[in-house]
Amino acid sequence: MAAETARKFEALEAQAQKLMAVFIKAGYEAVAPSMIQPAALFLDVIGESLRARTYVFVDPDGDELCLRPDLTVPTCRLHLERHPKADAKAKYCYNGPAFRFQPEGSGKAHPREFRQAGLESFGVPDREKAEAEVVSVVLNALKAAGLKEWKLRIGDLGLFRALLEAAKMPECWRQRLMHQFWRPDAFRTELERLTKGAANIPRDVPKDLIAELDLEHPELAERSVLRYLEAKGIELIGARSLAEITANLVSIATDARTEPLSAATAQLIESYIGVTAPARAAGARLKDLTRDKAIDISVALDAYHRRLQLMTDMGVDVVHADFSAEFGRTLEYYTGFVFEVVAPGLGTLSPVAGGGRYDSLMRQCGAPGDVPAVGAAIHTERLLASITGATP
Amino acid sequence: MSEGLVLALPSKGRLMEQTHDLFAAAGLVLRKVGNARGYRGEIEGMPTVEVAYVSAAEVAWYLKTGRAHLGITGEDLIQEQITNWADRVDFLKKLGFGHADVVVAVPKSWIDVATMADLDEIALDFHRAHGRWFRVATKYVNIARRFFAQRGLTDYRIVESLGATEGTPAAGTADFIVDITTTGETLKANGLKILDDGLILKSEANLVASGTATWTPKAREAENEIMARLGA
C-alpha cells in the first residue's frame, strides 16, 4: 500500500464515522469480523479465481488462510457463529480494511488494501422492502459523507430467472443457461446449441454408443458403457464412477432427442439481455417484450415495480436510475436485485458503492438452507476522492 | 562490471547443453569461472557480460526482478512466474529447443468429455456426487488458472503438484491435470487424454529481455552484439 499521510488517514476515519452513524441509526449493529479468514470457504464460494486476486497463505500449522477480500463472507460467518441455523433476523454494519491483489500498474482507484464500509441484512422475508432499505441507507450514508452527485444503476437477476422459468424448455436446460449467465460468450454458445438442436451440433463423443444407450434403464445403459470401455481397452481411473459417466452420456443422448428450443424463445432471451433503460421505463419494456409471447413473468415484474415504489417512498430518486438486464453478470454470488452507485470523476469501472441480494451465500457458508440476504459496501477511498476532488 | 550486462542461463540438464551449443554455433564461447560447477561465467572476448548460471525457474525470477538483463528459459516458466509478463519482459527470439506443450489432460475413461465446455458442464454434477469441486493437479498454477478463467471454468480447486503430476488421477489425489508433454506418451501410459481444446501453450526456450533491469549504454551494446551473433 502506498504510504498514507496522517491527514488522509484522519479524513478516512472521520468519513467512516459519518457512514457508520447513518448505518447504526437505521438499526444496523456494528460488528468487526476477523481480517484473517479460512481460505477454503472463500475458494468454495468464489472459486479458484479467488487466488488470483487474494492474499492466500499457509500458517505454521499448515492451515490455508487468507486476508479477507471483502467483508460479506466474514459477516455471514459471524452471523452463523451466533446463530448456527441462521434462523434469526439480523442487521449488521462494519467498516474496515479488505485486501485484493492488483497487478502492477492497475491504478490508484484499485489499491490492494482499502477500507470497506458496509451493511448486511439477513433473514428479512420481505425481499423488496429489505432491498429498498439497503439502497436508501447507503445513499443516505453517502449524502451524510458529503457526496452531492451520483448515478444509480440497478439490475435484477430474479427477472431473468422468471423468464427462464416461464419459457418452455427442460429443467436441465434452464439450469445450464442460469449457470452460464455469468459468462456471456459461453451463454451465447449454449443458447445457439439449444436452438439448433443438440443433435445437429457435432460433439466429440462416441456416437454409436450414444445411439444404443437405453435411456429408460440406467443399469442397462451402464452395461453398454462398460462394454464400450472394455472393447477399447480403457481403464476406469479416478473418482468419477461409471454411473456418473453413464448419467452424463444419457443426458447428452436425451438432449439429442429433445425438440430444440424455439427460435422465438431464444430471441426473447436475447432481447431481454439487451434491455437497458431508465428504471421506470424498463418495466414497461419488459412487459411489452413478453406480452404476445404467452410468457408470464408478472410476479417478478410486480416485485420489480414494488421495489421501485418502496425506494421512492424511502426518498430514493429512481427517476434518474438506470436499469440494465445484463448488470450483475460479473458477480456470481448475487441471486436477485443488484445495484451500483457511480460517482463523478471515477467512472463506471470504479463504482463508489455496490451491493445486492445473495440468498444462497449463507448456505454456502454452512447454514442448513438458503437465507434471504441483501447487503452493500462502500469503497471509502473512492468516496473520499470523489468528495474532495482528489485522485483516490 | 555493474555497468555491464547480466545474462542468466540454465545451469544444468539438456537446456544448458543446448544453450551452450547455440552460443558456440554463433561464435560465442561460454566459460564458467572458478570451478566447473561454479555459478558464474563469461563470454570469451566480451568483458562487459557477466553470465549467471541458475536453474531454469530462477532465470524467470532474475528477469522479473531485473537482476539479469537477458536470459534463456522456457516460455512456460516465464508465463507461470511473472504475473503480467507481457508488460515486464520481451521475448526476443524462439530458440528451437526445449519444446514442451502445456495441456489439460483428463482420464481416458471420461468418454463424455472432449472439450473445456464439456468439463464445465459436468462440474456441478461432480460436486453433487462428491461434495467437492474437481481437483486439478499442476505445477503451472497461474497458467492453469488464467486459462480456466478465459474458458469460463470456475468450479475447480488446484492441488499444487511438484512431480509425477500425470499419476495423480490414477492415485486419486486429483481428478485431472495441467502439465507439460512432448510426445503425449507419458500421459497415455497414465490413462489420460488431452482435451481437443486443451492446448494451453506451445512452449520452447526463448531469449528473453528484462523490462525491469537497468539498461546502461554498455548493457545495450552487449545486448546488440549478442543478438546480432544469434541472429535475433
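Angles under 35 degrees count as roughly parallel, over 145 as roughly antiparallel, 65 to 115 as roughly perpendicular and the rest as oblique. The model is predicted: local features need pLDDT of at least 70, side-chain atom pairs count only at pLDDT 80 or more, and totals for chains, interfaces and linings use all residues. Residues are numbered from 1 along each chain as its sequence is written, while chains are lettered from A and ligands numbered from 1 in the order in which they are written.

**View 1. Helices α6 and α7 of chain A.** Helices (H or I, at least four residues) and strands (E, at least two) are DSSP runs, numbered from the N terminus. In chain A, the axes of α6 (residues 171-180) and α7 (residues 184-196) come within 8 Å. They cross at roughly 160 degrees. Axes here are lines fitted to C-alpha atoms, for helices over the stretch in contact, and angles run from 0 to 180 degrees between N-to-C directions. α6(A) and α7(A) are therefore roughly antiparallel to each other. Their crossing is left-handed (the near helix is turned anticlockwise from the far one by less than a right angle; clockwise would be right-handed). From α6(A), A:Trp173, A:Arg176, A:Leu177 and A:Gln180 take part. They meet A:Ala186, A:Phe187, A:Glu190, A:Leu191 and A:Leu194 of α7(A). Contact means that the C-beta atoms of two residues, placed from the backbone, lie within 7 Å. By class, this contact has 6 nonpolar, 1 polar and 2 charged residues. Ala, Val, Leu, Ile, Met, Phe, Trp, Tyr, Cys and Pro count as nonpolar, Asp, Glu, Lys and Arg as charged, and the others, Gly among them, as polar.

**View 2. Helices α1 and α15 of chain A.** α1 (residues 6-25) and α15 (residues 380-388) of chain A pack with their axes 10 Å apart. The angle is about 100 degrees, so α1(A) and α15(A) are roughly perpendicular to each other. α1(A) brings A:Ala11, A:Leu12, A:Gln15 and A:Ala16 to the contact. α15(A) brings A:Thr380, A:Leu383 and A:Leu384. The classes are 5 nonpolar, 2 polar and no charged residues.

**View 3. The largest nonpolar core.** A nonpolar core is a set of buried Ala, Val, Leu, Ile, Met, Phe, Trp, Tyr and Cys residues joined through C-beta atoms within 7 Å. A residue is buried if 20 or more other C-beta atoms lie within 10 Å of its own, exposed if 12 or fewer, and partly exposed in between; C-beta atoms are placed from the backbone. The largest core has 89 residues. Those with the most contacts inside it are A:Val138, A:Ala141, A:Leu142, A:Leu163, A:Val341, A:Met362 and A:Ile378. Helix α4 (residues 127-145) of chain A gives the most to this core, with 10 residues. In soluble globular proteins, nonpolar side chains tend to be buried together.

**View 4. A:Met362 and A:Ala86.** Leaving out residues up to four places away in sequence, A:Met362 touches A:Cys76, A:Ala86, A:Phe122, A:Ala367, A:Val371 and A:Ala373. A:Ala86 lies in the loop between α3 (72-82) and β5 (90-99) of chain A. With 22 C-beta neighbours inside 10 Å, A:Ala86 counts as buried. Its phi is near 55 degrees, a positive value in a residue other than glycine. Most residues other than glycine have a negative phi.

**View 5. B:Ala164 in a loop.** This residue is found between β9 and α7 of chain B. B:Ala164 has a positive phi of about 50 degrees, although it is not a glycine. It has 12 C-beta neighbours inside 10 Å, so B:Ala164 counts as exposed.

**View 6. Around B:Thr138.** B:Thr138 sits in strand β8 (residues 134-138) of chain B. With 24 C-beta neighbours inside 10 Å, B:Thr138 counts as buried. Beyond four places in sequence, B:Thr138 touches B:Ala144, B:Ile158, B:Ser161, B:Thr165, B:Ile177, B:Val178 and B:Asp179. B:Ile180 is 42 residues from B:Thr138 in sequence, but 9.4 Å away in space, C-alpha to C-alpha.

**View 7. Where chain B touches chain A.** Here 32 residues of chain B are in contact with 28 residues of chain A. On chain B, α5 (116-130), α6 (141-150), β9 (156-160) and α7 (168-171) each supply at least two residues. The largest share, 7 residues, comes from α5(B). The chain B side divides into 14 nonpolar, 9 polar and 9 charged residues.
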